[in-house]
Amino acid sequence: STSSGPSVGIGWNYTEYRTLKVHDLEDWKDTNGRRSMHDLIIPRHLREKCLLECGYTSRDITRGVRHNVKAKNQRMQTIYKLKHQKM
């Protein structure tokens, strides 16, 4: 989800490396530190730059942003209706 600009998704294939138990992964994260939510944010200008470099046009990006805004507005409308719905 984005607050502004285009959203990006990750498409990837993986190579099975090794099996790791969830508990061991959580212990590793506790020892080595976790990323903050701020560290996971990709700024709008970098998302746009990346999309342009991958071959998307400005028009494609604009369409994507409009699609996101429409979906966000629909979610907000649903939330509003649910709050004011008589039971």
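How many nonpolar, polar and charged residues does the lining of the second largest pocket have? By class, this lining has three nonpolar, seven polar and two charged residues (Ala, Val, Leu, Ile, Met, Phe, Trp, Tyr, Cys and Pro count as nonpolar, Asp, Glu, Lys and Arg as charged, and the others, Gly among them, as polar). The structure is a predicted model, in which local features need pLDDT of at least 70 and side-chain atom pairs count only at pLDDT 80 or more, whereas totals for chains, interfaces and linings use all residues. Residues are numbered from 1 along each chain as its sequence is written, and side-chain values use heavy atoms, with hydrogens and water left out.

A pocket is an open set of points on a 1 Å grid over the protein atoms alone, where a 1.4 Å probe fits, with protein on both sides within 12 Å along at least five of seven lines; lining residues have an atom within 4 Å of a point. The second largest pocket holds about 200 Å³ of space, and its lining includes Ser1, Val65, Lys72 and Arg75. The largest pocket holds about 290 Å³. Its lining divides into five nonpolar residues, six polar and one charged, and among them are Ser1, Val8, Ile42 and Arg47.

Val8 and Ile42 also make, with Leu46, a nonpolar surface patch of about 230 Å² (residues with over 30% relative accessible area and no salt bridge, nonpolar side chains being joined within 5 Å). Leu46 is placed in helix H2, residues 44–53 (helices are DSSP runs, H or I, of at least four residues, numbered from the N terminus). Leu46 counts as partly exposed because its relative accessibility is 39% (buried means under 20% relative accessible area, exposed over 50%, partly exposed in between, with a 1.4 Å probe and protein chains only).

Five salt bridges are counted (a side-chain nitrogen of Lys or Arg within 4 Å of a carboxyl oxygen of Asp or Glu). In helix H2, Arg44 and Glu48 lie four residues apart, about one turn of the helix, and their side chains meet at 2.9 Å, N to O. Arg44 is partly exposed at 39%, as is Glu48 at 24%. Lys49 and Glu53 are likewise four residues apart in helix H2, with their closest N and O atoms 4.0 Å apart; Glu53 is exposed at 61%, while Lys49 is partly exposed at 48%. In helix H3 (residues 58–83), Asp60 and Arg63 are three residues apart and form a salt bridge at 3.7 Å, N to O. Glu26, Asp30 and Arg34 are linked in a network of salt bridges.

Technical notes
Points joined across faces, edges and corners; volume = space filled by probe spheres on them. Patch = residues over 30% accessible without salt bridge, like charges linked within 9 Å, V, L, I, M, F, W, Y side chains within 5 Å. Areas by Shrake-Rupley, 256 points an atom, 1.4 Å probe, with all protein chains shown as cover. Helix = DSSP H or I, 4+ residues; strand = E, 2+ residues; numbered from the N terminus.
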